[in-house]
Amino acid sequence: MLMTTRMARWASLLGVSSLALAVTACGDSGPAALLTLDGNAPLVVGHRGAPGYLPEETLEAYTLAIEQGADVIEPDLVSTKDGVLIARHDPNLDYSTNVGTKAEFASRKKTITVDGETQTGWFASDFTLAEIKTLGGIMTTDSTRPQQYNGLYKVITFQEIVDLAITKSKEKGRTIAVYPETKNPTYHRDLGLPLEDKLIAIINATGWNSKTAPIYVQSFEPSSLKYLRSKGLNTRLIQLIDADDYDLKTGKLTYAAPYDRPYDWFKSGDKRLFSDMVTVAGLTEIKTYADGIGPWKPYIVPVKWELNAAGAAIDKNGDGATNLMDAVSQTPTTLVADAHKLGLLVHPYTFRNEKKRLTFDMAGDPTNEYLQFFRIGVDGMFSDFPDTAVAAKAKYLKETGR
Ligand code: G3P
Ligand code: CA
């Protein structure tokens with residue numbers, strides 16, 4: 001007899017091995033039920049490829065993610081001047097390419113507003129695909145990551161990523177899914193370069209327009225997902241849920257523009273915050289147009305400092321500073337259970353190896369963070385280090401008797 005989901009959740013909360021409880025309660029050594037929505041193993045999503053090792057969103061980074069065992073590869077989509085969907089995290093190419101070193105493009109530098117934020121740089125909508133193909137991707141996110149590949153690998157199109165997933169699925173004998181995000185969709189629509197119809201066209205041409213196809217489409221802007229659905233896109237859709245920052249004193253998230261609410265809500269005067277999406281009412285609304293949520297991690301496990309009698313943060317690791325490494329995980333919220341009750345998948349972001357990104361109770365080991373979230377029942381997660389995530393998943397599956 002298999003352990004029920006409810007039993008497994010209690011086991012997880014009590015810190016008891018699910019397998020042990022299954023054996024004890026049932027006298028049966030079969031594997032315990034997993035807490036994911038569909039009971040399948042959680043997915044490792046190579047967030048922007050494997051950017052812990054190689055410049056993000058390049059063919060090389062996606063290939064490495066697949067070689068490391070990622071189930072899914074994740075591109076962010078922005079548009080070129082000639083309307084091609086390319087994989088870049090931001091319309092501003094200065095953040096993730098060597099465009100700033102190219103004399104021939106110097107005159108295209110400008111200052112504009114993207115989702116209410118003033119940015120200076122070179123913007124994808126001012127470049128044809130052929131021009132963008134002369135650029136090289138660079139490392140973002142963390143200067144401690146390897147820098148020796150900067151500029152070596154090209155910017156690629158969404159079509160190239162789909163082709164890679166199909167080719168590698170055949171080669172590896174396992175399905176590799178793709179997880180595109182419509183990036184700044186209102187901004188692109190205002191430029192006259194909307195993303196959605198082009199995305200649907202590629203998905204249709206690939207024969208992937210179904211709920212079971214190896215693709216998930218994500219966005220922070222509900223109107224982008226609703227538009228995709230209204231135009232006949234039947235794939236799984238995921239609503240991303242952001243916040244501005246942590247307040248480690250209170251353990252609560254903070255909401256400052258432009259990360260307080262989706263940009264389409266801001267533009268339409270909708271005063272709700274991202275936090276309104278994680279209430280039961282918010283999730284119920286998401287369920288009307290999407291199949292899951294992609295929340296920032298602390299929506300699932302809040303993190304907080306321990307305070308001394310004077311109300312100041314305690315330097316738990318004794319390094320003379322107080323930061324995330326001194327914070328401690330709090331009791332998980334009910335978000336995963338609430339979402340699952342409504343039939344929504346839960347894919348939190350972003351898991352990273354660097355010690356400075358781990359709370360004190362992770363003891364400097366990112367595996368502990370993956371295990372923490374697997375045991376809560378997430379359906380997958382976005383990781384910058386797919387190899388670490390895959391190894392942690394194997395450990396988790398082993399502890400559940402698989
Ligand atoms: O798409 C999931 C997660 O990656 C959202 O954050 O900023 O990396 O796109 P971002
Ligand atoms: Ca410290």
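Donors are N, O and S atoms within 3.2 Å of the metal when that metal is Ca. Keep that cut-off in mind for the opening stop. The model on screen is predicted.

**Stop 1: the calcium site**

Select the calcium ion (ligand 2). In sequence, its donor residues follow the spacing D-x1-N-x1-D-x1-A-x4-D. Asp315 (OD), Asn317 (OD1), Asp319 (OD), Ala321 (O), Asp326 (OD) and Asp326 (OD) are the protein donors, at 2.2 to 2.6 Å from the calcium ion.

Check the angles next. They run from 49 to 161° among the six donor atoms, and the site of the calcium ion is irregular. For reference, ideal angles for six octahedral donors are 90 or 180 degrees.

Is aspartate 326 buried or exposed? Aspartate 326 counts as buried, because its relative accessibility is 0% and the cut-off for buried is under 20%. Alanine 321 has 32% relative accessibility, so it counts as partly exposed.

**Stop 2: the domains**

Zoom out to the whole chain. The domain assignment gives domain 1 as 1-32 and domain 2 as 39-88 + 155-399. Give each domain a colour. Their C-alpha centres lie 29 Å apart.

**Stop 3: the largest pocket**

About 1200 Å³ of space lies in it. Which residues come closest to its centre? Select His89, Lys183, Phe220, Asp242 and Tyr259; these are the closest of the 43 lining residues. Strand 6 (117-121), strand 8 (181-182) and strand 11 (245-247) are the elements that each give two or more residues to the lining.

**Stop 4: two cavities**

How many cavities of 30 Å³ or more does a search of the whole structure find? The search finds two.

Start with the largest cavity, which holds about 120 Å³ of space. Select Lys297, Val301, Val303, Thr359 and Glu369, which lie nearest its centre among 14 lining residues. Helix 12 (residues 366-376) supplies the largest share of this lining, with three residues. By class, the lining of the largest cavity has eight nonpolar, three polar and three charged residues.

Go on to the second largest cavity. Its volume is about 30 Å³. Select Pro51, Leu54, Pro55, Glu56, Ile138, Met139, Thr140, Thr141 and Arg145 to show its lining. Five of these lining residues are nonpolar, two are polar and two are charged.

**Stop 5**

Switch to a backbone view. Most peptide bonds are trans. Two cis examples follow.

Select alanine 257 and proline 258. A cis peptide bond joins them, with omega about 5°. Proline 258 sits in the loop between strand 12 (252-254) and helix 9 (263-268).

Now select tyrosine 349 and threonine 350. The peptide bond from tyrosine 349 to threonine 350 is also cis, with omega near -20°. Threonine 350 belongs to the loop between strand 16 (345-346) and helix 12.

**Stop 6: positive phi**

Stay with the backbone. Most residues other than glycine have a negative phi. Here are two positive values.

Select arginine 48. Its phi is near 60°, a positive value in a residue other than glycine. Where is arginine 48 found? Look in the loop between strand 1 (43-47) and helix 3 (59-67). Arginine 48 is buried, because its relative accessible area is 10%.

Then select asparagine 184. Its phi is positive, about 45°, although asparagine 184 is not a glycine. Asparagine 184 lies in the loop between strand 8 and helix 6 (185-190). With a relative accessible area of 14%, asparagine 184 is buried. Strand 8 was also part of the pocket stop, as one of the elements that give two or more residues to that lining.

**Stop 7: across the model**

End with a distance. Select glutamate 160, in helix 5 (residues 158-172). Glutamate 160 counts as partly exposed, because its relative accessibility is 27%.

Conventions: Residues numbered from 1 in each chain as written. Chains lettered and ligands numbered in written order. Predicted model: local features only at pLDDT ≥ 70, side-chain atom pairs only at ≥ 80, totals over all residues. Heavy atoms only, no water. 1 Å grid on protein atoms, 1.4 Å probe; cavity = no way out; pocket = protein on both sides within 12 Å on 5 of 7 lines; lining within 4 Å. Points joined across faces, edges and corners; volume = space filled by probe spheres on them. Helix = DSSP H or I, 4+ residues; strand = E, 2+ residues; numbered from the N terminus. Donors = N, O, S within 2.8 Å, 3.2 Å for Na, K, Ca; no water. Tetrahedral: all angles 85-135°; square planar, octahedral: opposite > 155°, others 65-115°. Buried < 20%, exposed > 50% of the residue type's maximum accessible area, 1.4 Å probe, protein only. Domains from an automatic or database assignment. Nonpolar A, V, L, I, M, F, W, Y, C, P; charged D, E, K, R; others polar.
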